[in-house]
Protein chains: 4
Amino acid sequence: VVAAQLAGHGQLVVHVGAATLRDCLRLVEHAVKHGAHALGAIPPYYYHYEEEALFQYFRAIIEASPVPVYVYDNPGTTGNPISPELVNRLAAIGLHGVKDSSFDISKTYALMRKITKQGIDVVIGSESLLLPAYVMGAQACIAGLANVLPELLQSLNAAARGTDMQRARELQTRVLKMRDILHYGPSIPTALAMLKLRGFDAGWPRRPMLPLPEETFSKVKHAMEETRSLWSL
Amino acid sequence: VVAAQLAGHGQLVVHVGAATLRDCLRLVEHAVKHGAHALGAIPPYYYHYEEEALFQYFRAIIEASPVPVYVYDNPGTTGNPISPELVNRLAAIGLHGVKDSSFDISKTYALMRKITKQGIDVVIGSESLLLPAYVMGAQACIAGLANVLPELLQSLNAAARGTDMQRARELQTRVLKMRDILHYGPSIPTALAMLKLRGFDAGWPRRPMLPLPEETFSKVKHAMEETRSLWSL
Amino acid sequence: VVAAQLAGHGQLVVHVGAATLRDCLRLVEHAVKHGAHALGAIPPYYYHYEEEALFQYFRAIIEASPVPVYVYDNPGTTGNPISPELVNRLAAIGLHGVKDSSFDISKTYALMRKITKQGIDVVIGSESLLLPAYVMGAQACIAGLANVLPELLQSLNAAARGTDMQRARELQTRVLKMRDILHYGPSIPTALAMLKLRGFDAGWPRRPMLPLPEETFSKVKHAMEETRSLWSL
Amino acid sequence: VVAAQLAGHGQLVVHVGAATLRDCLRLVEHAVKHGAHALGAIPPYYYHYEEEALFQYFRAIIEASPVPVYVYDNPGTTGNPISPELVNRLAAIGLHGVKDSSFDISKTYALMRKITKQGIDVVIGSESLLLPAYVMGAQACIAGLANVLPELLQSLNAAARGTDMQRARELQTRVLKMRDILHYGPSIPTALAMLKLRGFDAGWPRRPMLPLPEETFSKVKHAMEETRSLWSL
């Protein structure tokens with residue numbers, strides 16, 4: 001369950017996550033040995049955990065890691081949401097920031113205003129909320145769609161940091177429209193289909209995920225062609 | 001179940017809602033007779049309804065009303081969310097806009113980009129999402145907190161329409177901090193408590209709502225004093 | 001929002017419910033004046049209420065009513081679930097029982113074992129859970145499907161009180177199969193369609209509910225014919 | 001993520017589950033090599049999957065396993081519920097049954113009446129629903145509490161198969177009361193605490209689960225003593 005993504009300026013952030021602490025610490029060791037510049041640590045999944053269990057889990061990861069650790073809050077997949085209080089406790093012992101994939105901008109804003117330690121990053125974990133996160137002070141986004149349309153996401157990233165809100169809005173709208181296509185099927189295989197349609201064949205995802213069915217693939221292809229002016233920069 | 005609010009420029013928008021169409025049409029008649037400039041029509045509540053039933057419900061209201069009708073989408077209270085498709089169907093027969101209290105900015109953005117008819121307003125129905133709604137093109141907000149802190153909300157409203165994003169962000173943060181106080185208790189009695197603390201006694205809400213317990217009232221009082229620099233403009 | 005149902009032994013239980021206490025007390029008065037033998041009081045809906053507000057709401061109803069009052073717990077429609085603790089508080093001041101339409105048998109069982117006062121009835125509020133409620137001690141059921149198929153429900157009611165579990169299981173299975181038909185469309189219009197197909201024309205429900213569309217009506221008709229041996233006793 | 005449990009008649013049923021098919025197939029091989037008599041296969045977790053992906057996942061497991069395979073439906077932990085339709089598709093290619101931990105007896109009943117192939121077992125996956133599952137025809141239960149109180153669970157199991165419903169009800173009530181204690185803390189560490197209090201020290205669970213805090217342990221100890229007449233058979 002390791003996903004590696006190359007961040008904008010050549011930093012390698014490796015995501016680590018497992019159902020048990022032991023397995024996760026092995027992934028930490030592996031990631032660091034292979035040159036990770038930072039880690040995005042997913043809460044343990046399958047079972048539900050109380051805050052103290054989550055605290056001790058992340059503390060062990062922070063203590064084991066020589067590189068910066070970010071908590072990756074994704075309650076929709078893990079079933080274990082991360083509270084601002086937990087972030088504050090972890091910040092006090094070395095946490096660098098949070099990748100927020102709660103998909104609830106009100107929670108993101110609450111996190112931002114409740115973090116007490118200076119310098120803790122809140123990275124928005126979905127391109128769908130880039131602009132509203134940036135207008136309230138977020139400085140970075142880890143965007144699934146950036147795997148498919150990096151140019152478009154870079155443009156939005158730049159515009160959202162600038163002063164031309166009209167331009168930022170227009171680019172965010174484009175991103176949302178392209179994201180609608182990403183949801184014609186399950187998002188990971190659909191992203192890979194979109195990549196193929198741009199000429200990059202990265203294969204299909206590991207089972208149990210399936211290749212995109214031919215019918216959906218055709219629908220995606222048609223939509224990519226129809227929207228070329230939106231994403232071809 | 002009628003709430004009347006005086007909008008920024010002296011327009012009276014009356015909210016109408018009931019469990020049955022007949023009762024709601026009586027409220028429409030009553031509101032219009034008493035000078036409503038526009039209506040915010042709540043979906044029928046208690047039972048869950050399919051889209052066609054909601055369409056026919058709102059169609060009857062639009063046909064009965066001589067003044068502009070807005071749909072008030074508040075799925076948390078009604079259990080009947082309003083889809084963009086339904087808004088488009090209603091726009092074709094005279095709907096003027098939507099007050100969106102879905103409390104999910106992604107749904108608000110989806111509504112904005114899926115509305116096909118020109119000139120349909122999307123009014124954000126919570127001060128907590130004013131800035132993210134405005135940066136994507138919303139032009140108005142109906143804010144519960146404006147009943148308590150109208151000056152602060154007007155400042156945010158003005159800033160969010162302007163170009164000084166730093167200022168807008170700062171005001172939105174103030175609003176969110178004041179809104180945290182609004183949730184020390186149930187929001188309606190707490191709002192009335194905050195009003196009292198500003199010197200305006202509007203009583204307590206109708207039962208089954210209760211007056212704010214003394215302990216919570218004290219907590220709100222203390223918080224209002226602590227935050228005076230945030231809201232006293 | 002008043003529904004009157006004639007119970008098995010000729011008792012008239014009237015359901016009362018409203019968004020405000022004042023409106024509900026009017027319904028109580030009206031029901032009692034017209035001969036209700038007992039009341040099923042629905043929690044206030046639309047807004048969410050804390051337990052104390054619900055307690056005071058029901059206390060006012062119990063105090064106003066000369067006939068026995070039951071709380072009708074239906075969190076799916078009201079958004080305000082009733083806790084066993086609240087039931088115990090209300091039992092101490094005169095509540096007679098609970099009609100449980102939580103549709104979660106684990107909650108029903110929890111209610112049963114947490115009620116401390118002798119003689120408080122737990123009436124199961126759905127025919128889908130009649131047998132599992134009765135095997136744990138419930139003595140009565142208020143069943144929507146009994147409006148359509150009273151003979152079948154009476155048979156199940158009798159069997160579930162008896163010792164022939166094989167017979168009870170077989171009848172509960174029939175009830176569940178007929179209930180599957182009840183959900184071909186929204187349950188109230190579908191129930192009325194099923195009644196029409198049995199020769200009783202009770203009209204269609206009040207708007208915003210719609211008559212059953214012709215296509216669904218045909219599907220229901222076909223299913224009623226196919227299953228005649230299950231329900232025609 | 002392998003849990004082994006010894007079933008009533010000395011059969012070893014091993015649960016297998018992973019986030020990817022490859023990892024799960026390794027667990028299948030391992031379990032079979034070590035003498036598993038049957039497998040309980042958990043749906044893949046973390047990501048959400050469409051029915052076809054789940055079908056192909058379980059098909060690969062069924063094809064790889066020389067021993068009977070049961071699907072273990074636990075949507076609360078996996079986020080991927082199993083529909084009756086999927087069970088029917090899998091039954092046609094060799095599935096032996098379902099362990100149902102949906103914690104929703106209505107879904108269990110729907111599964112029971114929608115299974116079309118003779119001989120497919122529905123095993124209820126929680127002691128809290130043993131009796132309602134058995135009265136509708138289930139024949140077996142995999143009960144977490146049986147790890148702590150096997151005698152009580154065996155008594156309930158026997159009674160629920162018999163004709164003395166009064167006795168079955170009384171035992172199910174005892175089980176539910178003991179299960180209330182199981183939820184004083186997270187259920188796995190609390191179960192281990194209860195075991196210790198019965199004189200069996202099976203240690204504490206693997207991290208991120210934590211040992212039960214001393215205060216909760218004391219509360220459990222007190223409750224076990226208070227309820228001795230319920231569970232000490």
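**View 1. A:Phe103 sits in the loop between β5 (97-100) and α5 (105-114) of chain A.** Helices (H or I, at least four residues) and strands (E, at least two) are DSSP runs, numbered from the N terminus. A:Phe103 isn't a glycine, yet its phi is positive, at about 60°. Keep in mind that this is a predicted model, where local features need pLDDT of at least 70, side-chain atom pairs count only at pLDDT 80 or more, and totals for chains, interfaces and linings use all residues. For bookkeeping, residues are numbered from 1 along each chain as its sequence is written, chains are lettered from A and ligands numbered from 1 in the order in which they are written, and side-chain values use heavy atoms, with hydrogens and water left out.

**View 2. A cis peptide bond runs from A:Arg207 to A:Pro208.** Its omega is near 15°. A:Pro208 belongs to the loop between α9 (187-197) and α10 (214-226) of chain A. Over in chain B, B:Arg207 and B:Pro208 are also joined by a cis peptide bond, with omega at about 15°. B:Pro208 is in the loop between α9 and α10 (214-226) of chain B.

**View 3. Chain A superposes on chain D with an RMSD of 0.0 Å.** Contact here means heavy atoms within 4.5 Å, and copies are superposed by least squares on the C-alpha atoms of residues with pLDDT of at least 70 in both.

**View 4. Chain B goes onto chain C by a turn of 180°.** The shift along the axis is 0.0 Å and the RMSD is 0.0 Å. In chain B, B:Tyr46 has the C-alpha nearest the axis, 3.7 Å away. The copies meet through the same surface, because 100% of the interface residues of chain B are also interface residues in chain C. Some pairs of chains don't touch: chain A and chain C have no contact, and their closest C-alpha atoms are 20 Å apart. Chain B and chain D have no contact either, with their closest C-alpha atoms 20 Å apart.

**View 5. Helix α7 (residues 150-161) of chain B packs against helix α8 (residues 165-182) of chain B.** Their axes are 8 Å apart and the angle is about 150°; axes are lines fitted to C-alpha atoms, for helices over the stretch in contact, and angles run from 0 to 180 degrees between N-to-C directions. That makes α7(B) and α8(B) roughly antiparallel to each other (under 35 degrees is roughly parallel, over 145 roughly antiparallel, 65 to 115 roughly perpendicular, the rest oblique). Their crossing is left-handed, meaning that the near helix is turned anticlockwise from the far one by less than a right angle. Among the residues making the contact are B:Leu152, B:Leu156 and B:Ala159 of α7(B), plus B:Ala168, B:Leu171 and B:Val175 of α8(B). By class, the contact of α7(B) with α8(B) has 10 nonpolar, 2 polar and 2 charged residues. Ala, Val, Leu, Ile, Met, Phe, Trp, Tyr, Cys and Pro count as nonpolar, Asp, Glu, Lys and Arg as charged, and the others, Gly among them, as polar.

**View 6. α8(B) also meets helix α9 (residues 187-197) of chain B.** The two axes come within 9 Å and cross at roughly 110°, so α8(B) and α9(B) are roughly perpendicular to each other. B:Met178, B:Ile181 and B:Leu182 of α8(B) touch B:Ser187, B:Thr190, B:Ala191 and B:Met194 of α9(B). The contact of α8(B) with α9(B) has 5 nonpolar, 2 polar and no charged residues.

**View 7. Helix α8 (residues 165-182) of chain C crosses helix α5 (residues 105-114) of chain D.** Their axes come within 11 Å, at roughly 100°, which makes α8(C) roughly perpendicular to α5(D). C:Leu176, C:Lys177 and C:Asp180 come from α8(C), and D:Tyr109, D:Arg113 and D:Lys114 from α5(D). The contact of α8(C) with α5(D) splits into 2 nonpolar, no polar and 4 charged residues.
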